[in-house]
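User: I would like to learn how to read a helix and its surroundings in a model. Please take me through a case.

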Amino acid sequence: MGIAKRQPWVVGVSGASGTPYAASVIRALLAAGEAVDLIVSRAARLTILDETGISFRDAHWRTDLAAWLGTDQGLEDVRYWSAGDFAAGPSSGSYPAKGMLVVPATTGAVAGIALGLSKDLLQRVASVTLKERRPLVVCVRETPLNGVTLKHLVELDAQGAVVLPASPGFYAGGSTVRELVDFVAGRVLDAVGVPHSLYLRWEGELGAAARQSGSGGSASAEGE
């Protein structure tokens, strides 16, 4: 019998505000036993620095990723690709990726993916994901949305992508920023069928999440 091939989820982090969403998604993927291929755009490095104070560097990506995620657990299942590396594995349709999650997605990334521009590795891998008919989730983080971006989002939907705005729901009883971030991350993972315990699910009972949260029981946050 041959050795089973590694099949990662590609996580693309663009320069939009909302890098905590990406960190939550990565932690939960690793907690679920999934392998991760990570692409961090040049603009995203600036956003990570601005939102967390952490410099994300190619030469020290593993150390910087551990600082960003707040844990080094599971990092042996992460592979990092520089955003300018067009020869990277995931740039080819023959690379055995399960799919791609763009979290968060700028309107520029949305446009580039919808139009097939492939201006950097993130956009190229997203285009490959679409052409190979693999799952692609685009977690757009922008407000308000103008008509051009709305047309691009409709085009992505038509091509088979899941358009998932970074829009937290409050019915799960979330009362902290971390809980609201985890809700969005959980919805991203729901879209591709990865199990998690990032938020309390709606079960048809009004006020159930609030009562459970108030009694000290809440969904456990991955990586804590």
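Analyst: Begin where helix H7 ends: Gly-193 follows H7 and has a positive phi, near 75°. Helices (H or I, at least four residues) and strands (E, at least two) are DSSP runs, numbered from the N terminus. This is a predicted model, in which local features need pLDDT of at least 70, side-chain atom pairs count only at pLDDT 80 or more, and totals for chains, interfaces and linings use all residues. Residues are numbered from 1 along each chain as its sequence is written, and side-chain values use heavy atoms, leaving out hydrogens and water.

User: Which residues in H7 are buried, and what covers them?

Analyst: Buried means under 20% relative accessible area, exposed over 50%, partly exposed in between (1.4 Å probe, protein chains only). Buried residues of H7 include Leu-180, Phe-183 and Leu-189. Their cover includes helix H1 (19–31), strand S4 (99–105) and strand S5 (136–140).

User: Is Leu-206 buried or exposed?

Analyst: Leu-206 sits in the loop between H7 and helix H8 (208–214). Leu-206 counts as exposed because its relative accessibility is 72%.

User: Where is Pro-165, and what is Pro-165 in contact with?

Analyst: Contact means heavy atoms within 4.5 Å. Pro-165 lies in the loop between strand S6 (162–163) and H7. Apart from neighbours within four places in sequence, Pro-165 is in contact with Cys-139 and Val-140. Pro-165 is partly exposed, at 45% relative accessible area.
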